[in-house]
Amino acid sequence: MKRHEPCRQTLLLLVAGLAIIAGCGRTEPPAAKPEAKETTSKRDEAEGLAPKPDSDAKTSAKPETGLSPEQILQEMARVYKHTPTYSDAGRIRMTLEAEGQPREMEQHAIAAMVRPNQLRLHCNEGTLICDGKTLHGFSAMLPGLVLEQPAPAILGVNELLGDVVLANALADGPTQTYSWLPIQVVLLLADDSLKTLLFNAEPPRLLEPAKIDVYDCHRIEITRPDGRGVFWIDQKTHALRRFEYPVETLRAMMGLPNDAKLSLVADFIDASLGAPVDPNAFRFEMDPQSRAVSRLAPPSVEMLGKRSKDFIFVGLDNKPVTLTALAGKVVVLDFWATWCQPCRQTLPEFQKLREHYKDNDKVAILAVSVDNPDVPNADLEKLFESLGVEVPIYRDLERYAASAFEVTAIPTTVLLGPTGVVQDYEQVGDPRLVMELRQSIDKLLAGGDVYPERLATFNEIMAEVRKSFDEMIRRDLFVSPMDLQQDAIRSEIAEKSQPAVLRLAPLWICDEVEAPGNILSVVDSDGRTRLYVTNVGRQIAELDAGGKVLARHDLSLPEGEGVSFVRTARGGDGRPYFAGAIPGGQQVYVFDEQWKPVMQFPAETPKEPHAGIGDVQLADLDGDSAIDVFVGYRGLVGVKAVSLDGQVRWSERSFADVFKMAVGEVEGGRRRLFCTNSQFTLAAMDGEGKVVGRTEIPNRLLYWIAAADLRGDGRTQLCGLATPQLGENLAVGLTPEGEIVWNYELPRGMPGALVDLVVPGQLRPNEPGQWILIGSDGSLHVVAADGRPIDRFNYGQRIMGVAFAQLDGKPVLVVSTNDKIEAWTVAWPEN
């Protein structure tokens with residue numbers, strides 16, 4: 001069972017309070033929603049600044065002049081680095097206004113410090129208190145556990161990042177998209193704080209000064225790929241009074257529409273540099289109910305391999321069940337509640353699990369409700385009936401979920417072995433994991449254990465995160481691990497070079513398309529080749545064989561949506577259809593041969609955005625002469641098959657995070673949909689939505705797949721892209737059965753997210769075709785169907801799209817870059 005990648009994402013992409021949280025995050029029913037606070041949007045229209053907190057800014061009457069923004073930032077950094085003491089009563093406010101409804105989330109970001117080793121931090125989900133003798137830390141997600149260690153002689157970022165779980169708790173909030181550590185901590189403890197605060201930023205710009213309460217402030221704007229931020233720096237003390245965060249990455253993670261107003265602002269209230277700090281700030285008294293530990297770890301790890309505490313759950317027939325009564329059985333406990341929405345996704349999967357083991361008296365599957373005792377049994381039965389679930393329902397009337405299993409969020413699944421030992425513990429609403437339980441149950445029935453594998457996986461992930469933290473310290477750069485890794489592997493465009501084997505001759509250049517992207521080559525019913533090029537995400541430019549723009553097809557799309565790739569297929573009537581979307585988008589769009597809308601799916605923009613679309617394919621998989629649209633999703637949605645009239649034909653959710661899909665034929669002429677996903681597998685599906693093949697790709701994440709009959713023998717060849725380690729790129733040749741038959745190493749770096757990276761072609765007439773691969777450094781690689789390298793060369797520019805076409809009987813390579821489209825005839829050497 002491969003859980004490495006989802007666990008890594010869970011640890012590295014923690015964002016508290018946002019819509020991406022997988023579980024309900026509590027075991028108590030939600031309280032009645034308070035009326036939304038009345039908020040007034042006070043956006044600085046000229047600068048496009050974020051809405052301001054309650055303490056509104058006023059234009060300063062006495063701006064300090066003569067300093068550049070760089071000098072002001074450098075002086076702020078110098079003062080923080082050398083101050084002997086610091087304290088504030090910081091708070092962070094996130095304001096969201098969508099569909100006319102204002103919402104706010106506010107949390108503390110409090111810091112106090114006396115060098116060399118007294119520190120108090122209360123940020124996000126974590127708290128760290130060091131009084132100079134003992135360091136304590138705890139996470140709100142692990143109630144009852146307190147980290148306790150001797151205080152270091154000098155407290156620095158090494159100690160803040162020393163315990164992985166505590167470090168994640170301190171960072172577990174929306175500000176981590178900008179800085180992994182709280183801003184004031186970066187200023188106080190980093191060697192070069194501006195390296196983090198100005199990461200990936202353009203040169204800063206000085207805005208008009210303004211006042212917060214009694215403080216005259218410089219305002220300095222920075223622009224980064226994720227938006228604009230503004231520092232409010234006290235003109236007298238150089239203390240940072242406020243910071244307005246860039247929010248575009250956060251907006252994308254939350255799946256917000258473009259018209260939603262989002263702001264994230266930190267106010268460092270009463271920020272004081274060099275003044276005495278109340279010694280009580282560093283006092284800590286442990287709650288008698290808490291337990292001191294040398295390492296923080298979630299219950300899902302701490303309980304593994306240990307015998308479960310006893311419990312009593314009561315069935316709807318009032319008959320109790322206990323740990324003793326279940327001795328000798330493999331037991332699955334699913335903790336759920338009627339008000340838990342993610343539970344409604346996982347419960348039907350437990351029904352499938354129950355059906356699989358219904359005739360095995362050595363397996364017991366219990367759905368344990370944590371609803372309050374005053375919730376009638378009838379409400380529980382009604383929900384199960386609506387979901388088609390017949391798993392036995394038990395009630396946790398004495399809160400054993402909390403006392404025996406330390407359940408703090410639902411859905412939570414606990415797997416017990418025949419001797420009562422906790423073998424697995426999953427606290428996430430992921431339907432995939434339910435079905436993976438079958439492997440674990442079967443292993444336990446055969447007399448084995450599964451908890452050693454879980455512990456090894458956790459330790460492996462901890463080591464990996466520890467490595468990221470060590471890299472932060474080494475580079476003195478405290479951004480998110482994802483940003484850190486991407487920065488380390490960012491590729492530069494290689495200097496232009498010529499092919500060593502192929503001979504390219506310029507055919508034409510088209511510079512009439514403003515922002516060309518992916519290219520689709522199509523031969524129409526009259527035998528003419530047409531090139532369809534995506535343009536600025538909302539238009540398709542149609543070119544003829546000579547590179548002339550024949551038409552511009554403006555696409556009717558909702559605000560915020562786009563089309564960066566296009567797929568095509570012919571229906572039973574011989575007419576072509578086109579489907580397009582953008583990775584991460586919410587809808588798929590289907591067009592006819594005139595690029596008139598046929599269908600969009602879903603018909604309306606989702607009110608509750610999903611994690612985004614991964615890929616789209618058009619095909620007739622079941623041989624009924626009718627084309628279906630296959631949509632692969634990021635997150636937990638899986639794959640859906642949709643008819644051209646917008647009806648969902650089937651849905652398959654046993655795997656998630658669908659990266660790419662391809663359609664090909666297997667023996668007997670049967671067509672299959674091949675899907676790559678985050679479970680390190682290549683899945684093959686038939687026309688009815690059944691997974692008929694699932695091949696594990698060992699030690700590499702397959703993030704791309706393409707299919708073509710390059711040999712012309714009616715049998716599909718597959719070419720995928722895999723990443724053995726982050727930043728590494730490996731092209732792999734596969735059979736339709738998933739067997740890897742060749743490997744080809746590509747340049748390191750992060751490839752373009754919107755570019756089709758693998759394109760089949762036939763660069764030599766009457767011979768087998770080739771794969772054309774795009775490197776992250778702007779290189780093009782030509783590989784034979786059997787994996788034999790043919791040629792590689794550097795295009796010298798960022799490649800936005802590649803296609804192969806037969807134009808006037810000649811093989812032609814078509815390449816789009818940022819501002820033009822070029823066509824090249826391809827010739828081979830005589831020998």
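In this predicted model, the side chain of Arg474 makes a polar contact with the side chain of Glu471, at 2.6 Å. Arg474 belongs to helix 13, which covers residues 451-475. With a relative accessibility of 62%, Arg474 counts as exposed, because the cut-off for that label is over 50%. A look along the chain from here shows how sequence and space can be compared: Arg474 and Leu520 are separated by 46 residues in sequence, and their C-alpha atoms lie 45 Å apart in space.

The secondary structure of the protein chain comprises 14 helices and 51 strands. Its radius of gyration is 29 Å, close to the 28 Å that the globule rule gives for 831 residues, so the chain is as compact as a globular protein of that length. Along the principal axes, the C-alpha trace spans about 85 × 80 × 50 Å. Of the 831 residues, 55% count as buried.

Among the buried residues are Val164, Leu166, Asn168 and Leu170. The N-terminal end of helix 4 is capped by Asp163, which has a side-chain oxygen 3.2 Å from the backbone nitrogen of Val165.

Burial can also be followed in a loop. Thr83 sits in the loop between helix 2 (69-82) and strand 2 (85-87). At 5% relative accessibility, Thr83 counts as buried, because the cut-off for that label is under 20%. The side chain of Thr83 reaches the backbone nitrogen of Gly274 at 3.1 Å. Once its neighbours within four places in sequence are set aside, Thr83 is in contact with Met113, Arg115, Leu188, Leu273 and Gly274.

Most residues other than glycine have a negative phi, and most peptide bonds are trans. Against this background, the peptide bond from Ile410 to Pro411 is cis, with omega near 0 degrees. Pro411 is found in the loop between helix 11 (400-403) and strand 22 (412-416). Another cis peptide bond joins Phe601 and Pro602, where omega is about -10 degrees. Pro602 is placed in the loop between strand 32 (597-601) and strand 33 (613-619).

Asn318 is not a glycine, yet its phi is positive, at about 70 degrees. The loop between strand 17 (312-315) and strand 18 (320-322) contains Asn318, and at 63% relative accessibility this residue counts as exposed. Ser625, which is not a glycine either, has a positive phi of about 70 degrees. Ser625 lies in the loop that separates strand 33 from strand 34 (628-633).

Notes:
Residues numbered from 1 in each chain as written. Heavy atoms only, no water. Helix = DSSP H or I, 4+ residues; strand = E, 2+ residues; numbered from the N terminus. Rg over C-alpha atoms; globule rule 2.2 N^0.38 Å. Buried < 20%, exposed > 50% of the residue type's maximum accessible area, 1.4 Å probe, protein only. Polar contact = N/O pair within 3.5 Å; in protein donor to acceptor, adjacent residues only side chain to side chain. Contact = heavy atoms within 4.5 Å.
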